[in-house]
Amino acid sequence: MTLLKLFKILLPLILLTGCGFSLTKVEINEQTFVFAMYINEGKQKGTVEVTISAPLPNRLTSGRQAGGHGGGDPYAMVTKTSTTVQDTLHLIQRDLSRRFDFSHTKVVVVGKGYAEAGLEDLMDWLQREPTTNLRTYLMVAPGDAKKVAELTPVFEQMPSEVLIRFATQHNMINTTLKDCLYAESANQGYALTYLAAQKKPMVADQEKLEPWTGIQGTAIFHNHKLLTTLPMQESLAVSWAVNEVKGPLYTVSWDEGAGRASVFLISTNSKKSVRMVSGHPVFTIKLLGIGDVIYKRNLKQLDTLKAKRIIERELNDMVKSELQKALRTSQRVGSDILQLGMLVDWNYPDHWEKVRSEWANYYKNEVEIQVVTDIRVRNFGTTLKMKPK
């Protein structure tokens with residue numbers, strides 16, 4: 001017994017010696033950690049183009065500035081084309097000196113054409129790959145997904161880090177692989193961030209045009225197929241409805257533009273509920289928010305209380321209208337992007353069993369959605385508190 005206790009004490013110390021580090025070092029040196037993947041339709045019908053992005057450890061030095069080009073890019077990209085995602089990755093692997101490891105893959109970007117054809121093959125591979133991270137973010141590129149990978153990472157070292165920041169900063173809906181699989185298993189839809197790719201002049205590079213990537217809205221899916229897209233304002237309302245967006249800014253106007261105010265929302269929240277009316281579900285989506293006025297222009301010099309009421313009225317009407325338009329679009333294509341069917345499953349399981357198999361058509365034709373907003377202005381700042389002369 002004494003010898004066993006001594007062994008338990010010495011074992012951790014043995015693992016901290018050179019032997020333990022040698023084993024770890026060998027394993028890392030034999031792996032290629034894929035940080036991002038970019039998927040497109042191949043040039044030939046029935047093929048798929050896959051691009052992987054992986055860091056180059058020998059160029060990721062602490063003294064190298066982010067986004068710099070002095071020692072070359074700190075990442076490598078390899079592209080191949082074949083009939084399936086699995087076959088394409090096998091072709092890429094054959095030309096690499098290290099083995100794939102997808103446990104660090106944080107983002108997968110699919111081209112619009114590939115998304116419209118369907119993500120079934122990609123999803124099948126992601127589920128079967130043992131090192132897949134279920135928290136991987138999925139996004140849609142407006143055209144060629146590789147164009148997104150060409151973005152200039154001004155504030156980061158790699159393009160994949162920029163895309164990850166888009167998701168973690170909650171500027172738009174941040175849908176993960178787990179969310180997509182969960183929605184599909186329940187026969188419901190989901191929405192992915194819809195990116196924009198263009199060229200912009202870089203001040204740091206003497207106004208030289210460089211690839212730039214941003215966000216232009218959301219892409220609506222059902223059965224893993226891209227059905228349509230939503231513009232920015234409607235996408236913000238959807239992100240709010242699923243409690244993803246943080247710190248949105250809205251500008252409202254009144255009196256034919258004579259009055260204008262910008263409100264920064266410091267707190268946003270949403271609540272969803274369902275009730276049965278005449279045998280059909282009626283959903284209520286309530287958006288709540290508290291904001292500060294950070295800009296105001298009013299030629300009529302309204303007093304603070306009256307201005308507060310006008311700004312709150314215009315802001316509530318604007319957000320309500322944007323969410324209603326987004327939901328009408330989702331119902332038109334039969335994609336339950338807010339996954340309201342889960343509320344039916346939780347509250348009325350018997351009814352859900354009847355409609356689950358045909359939920360897309362049921363959501364399109366039989367569901368009523370009511371939108372309620374309660375957005376209040378908390379602070380006007382010193383400018384609005386001043387009395388007009």
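1. Basis. The model is predicted, with local features needing pLDDT of at least 70 and side-chain atom pairs counting only at pLDDT 80 or more, while totals for chains, interfaces and linings use all residues. Residues are numbered from 1 along each chain as its sequence is written, and side-chain values use heavy atoms, with hydrogens and water left out.

2. Main core. The largest nonpolar core has 45 residues. Such a core is a set of buried Ala, Val, Leu, Ile, Met, Phe, Trp, Tyr and Cys residues joined through side-chain atoms within 4.5 Å; buried means under 20% relative accessible area, exposed over 50%, partly exposed in between (1.4 Å probe, protein chains only). Helix H10 (residues 304-333) gives the largest share, seven residues. Helices (H or I, at least four residues) and strands (E, at least two) are DSSP runs, numbered from the N terminus. Phe283, Ile285, Ile311, Leu323 and Trp359 have the most contacts inside the core.

3. Ile311. Neighbours within four places in sequence aside, Ile311 is in contact (heavy atoms within 4.5 Å) with Val252, Trp254, Ala261, Val263, Val293, Val377 and Phe380.

4. Second core. A separate core holds 31 residues. Ile39, Val48, Ile92 and Tyr190 are among them.

5. H9 on H10. Helix H9 (residues 232-241) packs on H10 at about 90 degrees, with the axes 8 Å apart. Axes are lines fitted to C-alpha atoms, for helices over the stretch in contact, and angles run from 0 to 180 degrees between N-to-C directions. The pair is therefore roughly perpendicular (65 to 115 degrees; under 35 is roughly parallel, over 145 roughly antiparallel, the rest oblique). H9 contributes Gln233, Glu234, Ala237, Val238, Trp240 and Ala241. H10 answers with Val319, Glu322, Leu323, Lys325, Ala326 and Thr329. The contact divides into seven nonpolar, two polar and three charged residues. Ala, Val, Leu, Ile, Met, Phe, Trp, Tyr, Cys and Pro count as nonpolar, Asp, Glu, Lys and Arg as charged, and the others, Gly among them, as polar.

6. H5 and H8. The axes of helix H5 (residues 120-128) and helix H8 (residues 177-185) come within 12 Å and cross at roughly 110 degrees. H5 is thus roughly perpendicular to H8. Met123, Leu126 and Gln127 of H5 meet Leu177, Cys180 and Leu181 of H8. This contact has five nonpolar, one polar and no charged residues.

7. Ser82. Ser82 lies in strand S4 (residues 75-82). Ser82 is buried, at 16% relative accessible area. Beyond residues up to four places away in sequence, Ser82 touches Thr47, Val48, Asp87, Thr88 and Leu91. Val48 is also included in the second core.
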